[in-house]
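My entries follow the order in which I looked things up.

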Amino acid sequence: MLNEKPVFGFPLPRIDGPLKVTGTAPYAAEYHDPGMLFGYAAQATIASGRIASIDTMEAEAYPGVVKVYTYKNRPSAARSDKKWKDEVALPGHPFRPLENDRILFGGQPIALVVAESFEAARDAADLIRVEYHPDEPHTDITVERAKSYVPPEARKEEMRPTDPRGDAERAYEAAPFKIDVEYLQLGEHHNPMELFASTAIRNEDGTLTVYDKTQGSQNSHDYVCNVFGLKPEDVRVVNAYVGGAFGSGLRPKHQLFFAVMASLDLERSVKVEMSRSEMFYLTWRPATIQRMQLAASADGQLMSVRHHAIQTTSLHEDYQENLVNWSGLTYKCDNVKLSYELVKTTLSTPGDMRAPGAATAFLALESAMDELAYEVGMDPLEFRGKNFVSYDQNDDLQITSKELDTCYRVGAERFGWDKRSHEPGSMRDGNDLIGWGVATGVWEATLTQAEAKVRLFPDGKITVMAAASDIGTGTYTILAQVAAQELGQGAERVSVLIGDSSLPKTSVEGGSWTAASSGSAVQAGCLEIRKTLLSLAQKMDNHPFGNAPVEELAIRDNRLVLDRNDQVGLSIADILGHHGMASVEGHGKVAPDQEQAKKFTSYTHSAVFVEVRIDAELGVPRVTRVVSAIDAGRIINPKTARSQILGGVVMGLGMALHEEGMIDHRAGRIMNHNIAEYHVPAHADVHDIDVIFIEEEDRMASPIGVKGLGEIGIIGVGAAVANAIFHATGTRHRHFPITIDKIM
Ligand code: MOS
């Protein structure tokens, strides 16, 4: 299959797939150095307060232990007041491990034990004696909401609620049909396969190579250099393979700090890996309360939208999401009021988790739209179509492409929506209550600054280089396809070098922007190669190209040829040989177009259709069918693209039905901090998922025509499930996840 022509649209299997499934793609914790040391972090057992005393003598005496670090002996290199912020930092005071005696959140690392083996470090960590001056924990959003506040500094400008338009209160009062409801969603915890780990290898010349579990090697690199005052050339961060991340790896985590701190201090190689339980305390989607007040006219026109949201953050940082703005964007409405507040808790700072903001927002918005459709007495899909809007009403901008109406139509056809009966509880099949639900999803289509280098050799081999990451999304594969397509080669001839901070500048892999951004940068690099080859050829005697511009040239079978007549051309080997060159390189760069941004904005869209079957006696819900119709621009690889949507849908099922972080609010501690008691969807929870792409090339969204796929797949899924459960049972659930005990 690798020898097939690797044009865009070919379902090339992931080129890193065999390595990943055979366990031979090394993750950050799988690098070794003879004689290296192992670090293990001890965690606070209270959620808030101060350390009264910390006694490490017994731990230090444990066989194999080399050193125990606490706030009292943290090395000076780690005490700098240098820039602690990272590329995706938040307003507030970034967490600094071992900074002082304060306990800001449950599970906070309070000591690092470094030993000759992982087991010795872990055992010794248990021997650290700590006494605390505890303060009261504050972890319950339903209580803390009384102290909500508007974040003084926006994390990003687009996360500020847009200004009100029209008069939402008055329109609400005047409308004949209305709802005023509140949705509660508890925290969800990240559980990628790979645990957080950093292996800091000390090279002979004293420089460091750090293998880090991250979504951005350069972000980790810059963080390490800033915090420890190191020169950029003295540190290299590698994340060649990542075992899932979903947003959890956007910000550097404390194990990176610890590995580098200990390695510099002890002048040894040091590895620090987190436990699954530690990850529960550290990487999670915040708990959210959302009040939706919507009103419609008798013919189903949306008259008023008010969306007020409260989310949890930590004591030291203001984590924020773009949560409420989706409610002013998704449907046509002239009276809109949006507001967003935070509450401080003694939990770690929450973080981005697949479609941060939107996944949560659409849970409420799309449930509320369904509730209002039933108030009006209208089919929920027809109601959405009726309120379709073709431009961005929040910012009064045009949208570069929007095939959401096609998603509705094609998705409904595939699902068989026309066979749905409106009344809840009306579609029983034997012992099963059947429910069909629908929801809309929207996500930003973003182009970030990205660079890539492409090198073409005379034998047709190609090397692509960019710092970009592949967090399981298919970056290796699609970058190979882009280069192969642009340089007329088979994808098997392309070597993709990514996941290394020393490679050309790339943002963290997040926000669904990597294919659009790095793909476009690779494309630009290939264009530069064609230009260079043409100008080199045009310096040769008797070359056949005349004054042809580069647009009329193509590369086929290792020859630079006229696109319209590939008999006319020169071999690349001849061109390079003539000039004594071993290869030709192109350096591609892309950046968002600021002028275009004044008039246009870009989004991906989805329509999600869900069938649930609920056992009438036991209340057990099964999501038996999902149809997800996606508008995400050009699809470079339908196989990797489909996998992104499948993964998003499965995560959405977890959000709707299963994933529930439980906190003992008296202790402020997470009770189910393991994947035995915190249920993520397993195979038995996942049935038929049908993915449809409504393709269009959106060359305004990105030069390559791609809009991005990593996140749109999850958005709307939770609400579609909840709406299907309502349709099956007649009961509205506004408290997520909708676990079996709630359905019974
Ligand atoms: Mo994504 S939550 O930006 O990795």
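How many bridges join strand β2 to strand β4? I counted two, between β2 (residues 49-55) and β4 (residues 102-103), and the strands run antiparallel. My terms first: helices (H or I, at least four residues) and strands (E, at least two) are DSSP runs, numbered from the N terminus. Two strands pair if DSSP finds at least two bridges between them.

**Ground rules.** I am working with a predicted model, where local features need pLDDT of at least 70 and side-chain atom pairs count only at pLDDT 80 or more, while totals for chains, interfaces and linings use all residues. Residue numbers start from 1 along each chain as its sequence is written.

**Entry: β2.** I followed Arg 50. It stands opposite Arg 102 in β4. In β6, the bridge partner of Arg 50 is His 133. Strand β6 (residues 129-134) pairs with β2 in the antiparallel sense, over six bridges.

**Entry: whole protein.** I found 19 helices and 33 strands. The radius of gyration is 27 Å, close to the 27 Å that the globule rule gives for 744 residues, so the protein is as compact as a globular protein of that length. That radius is taken over C-alpha atoms, and the rule is 2.2 Å times the number of residues to the power 0.38. The C-alpha trace spans about 80 × 70 × 50 Å along its principal axes.

**Entry: β23-β24-β25.** Three strands in this order form an open sheet with antiparallel pairing. I put β23 (553-556) and β25 (565-571) at the edges, since each pairs on one side only. From one strand to the next the twist averages 40 degrees. Axes here are lines fitted to C-alpha atoms, for helices over the stretch in contact, and angles run from 0 to 180 degrees between N-to-C directions.

Four bridges pair β23 with strand β24 (residues 559-562), in the antiparallel sense. Leu 553 has Leu 562 as its bridge partner in β24. Ile 555 stands opposite Leu 560 in β24. The two strands form a hairpin with two residues between them. In that turn, Asp 557 has a positive phi of about 50 degrees.

**Entry: β17-β18-β27.** This is an open sheet of three strands with mixed pairing. β17 (391-392) and β27 (600-601) each have a single partner strand, so one side of each is left without a neighbour in the sheet. Strand β18 (residues 397-399) and β27 run parallel, joined by two bridges. Gln 398 has Phe 600 as its bridge partner in β27.

**Entry: α17 and α18.** How do these helices pack, and at what angle? Helix α17 (residues 638-658) and helix α18 (residues 717-729) pack at about 55 degrees, with axes 8 Å apart. They are therefore oblique to each other. The cut-offs are under 35 degrees for roughly parallel, over 145 for roughly antiparallel, 65 to 115 for roughly perpendicular, and the rest oblique.

I listed the contacts, with C-beta atoms, placed from the backbone, within 7 Å. Among them, Val 649 and Leu 653 are on the α17 side, and Val 717 and Val 721 on the α18 side.

Note on methods: Contact = placed C-beta atoms within 7 Å.
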